[in-house]
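Subject: Structure for your review

Hello,

Here is the structure for you to look over. Notes on what was found in it follow below.

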Amino acid sequence: MTAGAKAAGLTLAGFLARAALSAARDLERTASAVADEREVIAEFFAARRHLGYIGNNLNQIARAVNSGAYPGELDVVIAATDRAIQRVQHATDQLLHQD
């Protein structure tokens, strides 16, 4: 997702918005196909928002670690975050490379 935005010279939000508008303007696709793509794009926006929340939580954890604390679940949270990011990236790559 970020690679596509960077290649297009856009922010991630701008890239997703442009993709959504492009999909909506494609008159050769069925309404069902457009609706399906809109649903996928909406899910990506939701995933991005949730990853932002995770980032905020990780910042709080970093502050705790920097003050000498070590939250017991830190490794689990980081691993789960990494898995979520990889899943979103994989799904985005698949969507962008559909022919």
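The accessible surface of the protein comes to about 7,200 Å², with 56% of that belonging to carbon and sulfur atoms (accessible areas come from the Shrake-Rupley method with a 1.4 Å probe, and for residues only the protein chains shown count as cover). Of the 99 residues in the protein, 16% are buried (buried is under 20% relative accessible area, exposed over 50%, and partly exposed in between, with a 1.4 Å probe and protein chains only).

Please note that this is a predicted model, in which local features need pLDDT of at least 70 and side-chain atom pairs count only at pLDDT 80 or more, while totals for chains, interfaces and linings use all residues. Residues are numbered from 1 along each chain as its sequence is written, and side-chain values use heavy atoms, with hydrogens and water left out.

Confidence: the average pLDDT (the predictor's confidence in each residue, from 0 to 100) is 77 for the protein, and 82% of the residues score at least 70. Where pLDDT is low, the predicted coordinates should not be read in detail.

Overall fold: the protein has four helices and zero strands, in the order α-α-α-α along the sequence. Helices (H or I, at least four residues) and strands (E, at least two) are DSSP runs, numbered from the N terminus. Of the contacts (heavy atoms within 4.5 Å) between residues at least 6 apart in sequence, 46% join residues at least 24 apart.

Helix α4: its 23 residues should span 33 Å at 1.5 Å a residue, and this agrees with its end C-alpha atoms, which are 33 Å apart. The expected span is 1.5 Å times one less than the number of residues. Leu74, Thr81, Val88 and Thr92 are buried in α4.

Thr81 has a relative accessible area of 9%, so this residue counts as buried. Leaving out residues up to four places away in sequence, Thr81 touches Ile54 and Leu58. A polar atom of the Thr81 side chain also lies 2.8 Å from the backbone oxygen of Val77.

Tyr70 sits in the loop between α3 (31-66) and α4 (74-96). Tyr70 counts as exposed because its relative accessibility is 51%. Its side chain makes a polar contact of 3.0 Å with the side chain of Asp75 (a polar contact is a pair of N or O atoms within 3.5 Å; within protein, one must be able to donate a hydrogen and the other to accept it, and residues adjacent in sequence count only if both atoms are side-chain atoms).

Regards
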